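Dear colleague,

I am handing over the structure we discussed, with the sequence alongside. Please have it open while reading the notes that follow.

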Amino acid sequence: MKKTLLTLATGVALAGMTFAGTAIAQDYPSKPITVVVPFAAGGPTDTVARLVAEVMSQDLGQQVVIQNVGGAGGTLGAGQVATASNDGYTLLLHHIGMSTAPTLYRSLPYDPTVDFATIGLVTSVPMTLVARKDFEPSTMAELIAYVQAEGENITYAHAGIGSASQLCGMLFMDAVDAQMTTVPYQGSGPAMTDIIGGQVDLICDQTTNTTSQIQAGEVKAYGVTSAERLGNLPDLATTAEGGLELEIGVWHGLYAPAGTDAAIIARLETALQAALANETVISRFAELGTVPVAAAEATPAALTETLTSQIALWKGVIEAAGVYAD
């Protein structure tokens, strides 16, 4: 009899939990949702976030608002979300830096694999090596030789510690076995402004931040870090074609604080997939040199797998370079 009563009580409890989850999914969202972008407005991750948020708003029936919380290579914004209420109204859209921070910052106040619930991958953006338009080298081969000869006389701009542009620069300098003088900025926008203005020499940044400048002839482009040429930049060779082994894509993912109800995560996953299937998003992404991930990758499982594997990959790269943010 005791066993029967226990089984009955357990069944009732589970049914109650299921009903509660269903009720949450039906009521959510009942107010605007904030997506924290841990970088300055106008940068590549901000561009991706705003395109996706606009369509997610339509699917969710509530406004999805972007909040830029820049600083410390994206860790300030990520840390803010890690400690936010797990009610589904504060989310994080972060790039590859989510996987490099645990090694770059040896006293990181959060654990990306513990303090966040994954929602899904968004896109993987190629990067381009570009320079001020009057920079001396004209081809990738000439650029490699010039960097090897001039080294620290060359200024390399990046968007801050832990930024994608810093990571790409690390890989580039490792590939050509030379060190340039790095110049950190508070975001990709200011860095690109100084590249165009001729104040610094070189940057490796996401196509979402460089395509329009390349097309307008405001910068000199040497190569794209994808396996194939891009449809919107057909004349720009891949880095491999130019003799440089540098293939890197800056993946972006959407997160919620750990402990967020599974029903809410499922609702956000559905809205994310709807946004990534939207023709306007697909078209705008194409103009920026990228594509949305497939529906099978815009899932918690896919993002969790990517995050875990990338943390392990970048741990080795960063430790070998001996570059830390603290």
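**The contact of α6 with α11**

Helices α6 and α11 cross in a left-handed manner, where left-handed means that the near helix is turned anticlockwise from the far one by less than a right angle, and right-handed that it is turned clockwise. Before going further, please note that this is a predicted model, in which local features need pLDDT of at least 70 and side-chain atom pairs count only at pLDDT 80 or more, while totals for chains, interfaces and linings use all residues. Residues are numbered from 1 along each chain as its sequence is written, and side-chain values use heavy atoms, with hydrogens and water left out.

The axes of α6 (residues 164-176) and α11 (residues 300-321) come within 11 Å and cross at roughly 65°; such axes are lines fitted to C-alpha atoms, for helices over the stretch in contact, with angles running from 0 to 180 degrees between N-to-C directions. Helices (H or I, at least four residues) and strands (E, at least two) are DSSP runs, numbered from the N terminus. On the α6 side the residues that meet α11 are Leu-167, Met-170 and Leu-171, and their counterparts in α11 are Trp-314, Val-317, Ile-318 and Ala-321, where contact means heavy atoms within 4.5 Å. By class, this contact of α6 with α11 has 7 nonpolar, no polar and no charged residues, counting Ala, Val, Leu, Ile, Met, Phe, Trp, Tyr, Cys and Pro as nonpolar, Asp, Glu, Lys and Arg as charged, and the others, Gly among them, as polar.

Ala-321, in α11, counts as partly exposed because its relative accessibility is 44%; the classes are buried under 20% relative accessible area, exposed over 50% and partly exposed in between, with a 1.4 Å probe and protein chains only. Gln-166, which is found in α6, counts as buried at 7% relative accessibility. Leaving aside neighbours within four places in sequence, Gln-166 is in contact with Leu-104, His-158, Gly-160, Ile-161 and Val-323.

**Helices α2 and α8**

Helix α8 (residues 207-215) is mostly covered, with 7 of its 9 residues buried, and the elements that cover those buried residues include α2, β4 (116-132), α7 (188-197), β7 (202-206), β8 (219-224) and α10 (279-287). One of the buried residues is Thr-210, which has a relative accessibility of 0% and touches Thr-128, Val-130, Met-192 and Asp-205, not counting residues up to four places away in sequence. Just after α8, Gly-217 takes a positive phi of about 75°.

Helix α2 (residues 44-60) is also mostly covered, with 13 of its 17 residues buried. From its first C-alpha to its last, α2 reaches 24 Å, close to the 24 Å expected at 1.5 Å a residue, the expected span being 1.5 Å times one less than the number of residues.

**The protein as a whole**

The protein has 11 helices and 9 strands. Its radius of gyration is 22 Å, close to the 20 Å that the globule rule gives for 326 residues, so the protein is as compact as a globular protein of that length; the radius is taken over C-alpha atoms, and the rule is 2.2 Å times the number of residues to the power 0.38. Of the 326 residues, 52% count as buried.

With best regards
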